[in-house]
Amino acid sequence: MNNAREYTVDFSKVQRWQDIHKVIKQDLDFPAYYGENLDALWDCLGEMTDSIIDIKGVHNTPNSKEFQVELEEVLEVFREAQKEFAEFITITFVD
């Protein structure tokens, strides 16, 4: 991945669980049609090629149960994408 595009998803910017996908969309420069749900996240990650994604701020998020449940579901999609699309994208959990 010599010419890889680098992205950072910073979950510490998220204050409400409803905004998790908005931050993902912004930080990963997803297209306008991104549906802001887990299926759309998977689809858009699958369309990324030669990309390095750093995930940070996971431990600096609101502690509400709703937020943590939603965040864990999103992080699981990133973990699965790392396995499935390993030849195209690199996903690193920074903190």
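A salt bridge is a side-chain nitrogen of Lys or Arg within 4 Å of a carboxyl oxygen of Asp or Glu. This is a predicted model, where local features need pLDDT of at least 70, side-chain atom pairs count only at pLDDT 80 or more, and totals for chains, interfaces and linings use all residues. Residues are numbered from 1 along each chain as its sequence is written, and side-chain values use heavy atoms, with hydrogens and water left out.

**View 1. Arginine 16 pairs with aspartate 19.** Their side chains form a salt bridge, with N and O 3.2 Å apart. Is each partner buried (under 20% relative accessible area), exposed (over 50%) or partly exposed (in between; 1.4 Å probe, protein chains only)? Aspartate 19 is buried, at 19%. Arginine 16 is partly exposed, at 45%. Side chains of opposite charge can pair when their charged atoms come close.

**View 2. Aspartate 27 meets lysine 13.** This salt bridge has an N to O distance of 2.6 Å. It links distant parts of the chain, 14 residues apart. Aspartate 27 sits in helix α1 (residues 20–27), while lysine 13 lies in the loop between β1 (5–10) and α1. Helices (H or I, at least four residues) and strands (E, at least two) are DSSP runs, numbered from the N terminus. Aspartate 27 is buried, with 13% relative accessible area. Lysine 13 is partly exposed, at 41%.

**View 3. Glutamate 80 and lysine 83 pair along helix α3.** The closest N and O atoms of this salt bridge are 3.5 Å apart. The two residues are three apart in α3 (residues 65–84), so about one helical turn separates them. Glutamate 80 is partly exposed, at 33%. Lysine 83 is exposed, at 61%. Salt bridges with shared partners also join Glu72, Glu76 and Arg79 into one network. By the rule used here, the count comes to six salt bridges.

**View 4. Nonpolar residues build a core.** A nonpolar core is a set of buried Ala, Val, Leu, Ile, Met, Phe, Trp, Tyr and Cys residues joined through side-chain atoms within 4.5 Å. The largest has 28 residues. Phe11, Ile24, Leu28, Leu45, Ile53 and Phe78 touch the most other members. β1, α1, α2 (38–47), β2 (51–56), α3 and β3 (89–93) each supply at least two core residues. Helix α3 gives the most, with seven.

**View 5. Leucine 28 and its contacts.** Which residues does leucine 28 touch, leaving out those up to four places away in sequence? Contact means heavy atoms within 4.5 Å. Leucine 28 touches Tyr7, Val9, Leu45, Met48, Ile53 and Phe78.
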